[in-house]
Amino acid sequence: GETLGLLGGGQLGRMFAQAAATMGYHVAVLEPGENAPAAEVSLKHIRAAYDCTEGIQELASHVRTVTTEFENVPADTLKRLAELGVRTTPSASAVSAAQDRNVEKAFIEKAGVPTAPHAAVRSEADVEALDSSLFPGILKTARLGYDGKGQARVRTREEALEAFRGFGGVECVLEKMLDLKLEVSVIVCRDAAGDSVVFPVAENHHKNGILAYTVLPARIDEKTAAEAQEHAKRIAQALDYVGVLCVELFILGDGRILANEIAPRPHNSGHATIEACVSSQYEEQVRIAAGLPLGDTTLRSPAVMLNLLGDLWYDAAGNVREPDWTKLLALPGAKLHLYGKAQPRRARKMGHATFVAETQSEALAHARAAAEHLGLAFADELKVAAR
Ligand code: ATP
Ligand code: MG
Ligand code: MG
């Protein structure tokens, strides 16, 4: 079969490569690291930095089309691939927009989708000029933040100044701190003809700034769900996006829906689509990369996804050992995904487990039982609530 190109060798790329293999494709991955989860399941691993000319040329020599799994691959690499005649999904310009929170917010607003009140902070003078209504707020670096890194909660202008200096004076955005009722995400898949499909809205719960679990579909009313999906489609359209895009949204106490940020790739909150939907987010990525028709995103069954972080690999004495999965695997509807990462580290995403069931309450109950077996502190939260 044809070989599809991939930038980035993490777990999202691994699941892309697995979906590609199912459909008869090979994958060539450009990734500097040695034991990369995606490289292990790809035909070819080009071990080079993302901006290495030889690496880019070699990738271009093997493939007609390239996609990405890593948010911070230099947009310039996509541009250079395009100049070498490679079709890239997404495009360099869409990835570049998603890499800068201020540019990203401008596109979201252009799409007519509301965001949290915010202002760009590029200098100390900008801090002085901030509207006081933005406090208390969160100062976020415009670039390179993830899992809550590159963020500081600031109550006052003085704290904002201190945090801005702490980030080394790099460009930031200050967002007003909002009272969130729920965090959800929508994954939208858009093809070159401008047609798009969306997955059911996912409900996301974070611990220490990292996604802990996702409930699919989100426990929100139909109207809110439809609005969230509409927002995602409009953002993809405003970016003229071709590929798989995740839109993170906040639902406020008064029911308003705001877009928080976008990720120009499949997303952790979409892992459950592998078992829960007819086509997964990774299959959609393959289809779009290969220029095939979009797949069917219909939900086949409710699901709960638990992230398995490296913390689980440490026993009470701090020794590293793989968790015992026996009890988890014995639960009805349980599916275990391990990414084959060589070194566990606390907070590192080592794998995930998905629980599918006929009803959402059963999926939650099984996820809860697994969380209890694993000793996860939030197990009690996995309770049933009506959609
Ligand atoms: P990710 O790992 O999802 O890429 P990130 O580091 O890019 O995360 P954000 O998604 O912007 O950062 O923020 C992380 C979390 O902080 C959000 O999921 C939300 O819980 C909280 N948060 C962010 N912005 C706000 C806000 N304006 N008001 C309240 N909470 C917020
Ligand atoms: Mg982010
Ligand atoms: Mg986020």
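**Notebook: parallel sheet, domains and ligand shell**

I began with strands β1 (residues 3-7) and β2 (residues 26-30), which pair in the parallel sense over five bridges. I take two strands as paired if DSSP finds at least two bridges between them. Helices (H or I, at least four residues) and strands (E, at least two) are DSSP runs, numbered from the N terminus. Within this pair, L6 stands opposite V29 in β2. From β1 the chain crosses through helix α1 (residues 11-22) to β2, and I noted this β-α-β crossover as right-handed. The term right-handed applies if, with the strands pointing away from the viewer, the path from the first strand over the helix to the second runs clockwise.

For the record, I was working with a predicted model, in which local features need pLDDT of at least 70 and side-chain atom pairs count only at pLDDT 80 or more, while totals for chains, interfaces and linings use all residues. Residues are numbered from 1 along each chain as its sequence is written, and chains are lettered from A and ligands numbered from 1 in the order in which they are written.

**Entry: the rest of the sheet**

I next followed β1 to strand β4 (residues 65-68), with which β1 pairs in the parallel sense over three bridges. Here G5 stands opposite V66 in β4. β1 is mostly covered, four of its five residues being buried. I used a count of other C-beta atoms, placed from the backbone, within 10 Å of the residue's own: 20 or more is buried, 12 or fewer exposed, and in between partly exposed.

β4 is joined to β5 by two bridges, and these strands run parallel. I found T65 opposite R87 and V66 opposite T88. β4, helix α3 (residues 75-83) and β5 make a right-handed β-α-β unit.

In what order do the five strands of the open sheet stand? I read the order as β3-β2-β1-β4-β5, with parallel pairing. The edge strands are β3 (44-46) and β5 (87-88), each pairing on one side only.

**Entry: A36**

I located A36 in the loop between β2 and β3. A36 counts as buried because it has 24 C-beta neighbours inside 10 Å. A36 and K341 are 305 residues apart in sequence, yet their C-alpha atoms are 7.2 Å apart in space.

Why does ligand 1 lie between domain 2 and domain 3? Both domains give residues to the shell around ligand 1, so the ligand lies between them. I listed 18 residues surrounding ligand 1 (C-beta atom, placed from the backbone, within 6 Å of it). The closest are A116, Y146, D147, E175 and L178. β7 (137-141), β10 (180-190) and β15 (257-263) each supply at least two residues of this shell.

Key
Domain bounds come from an automatic or database domain assignment.
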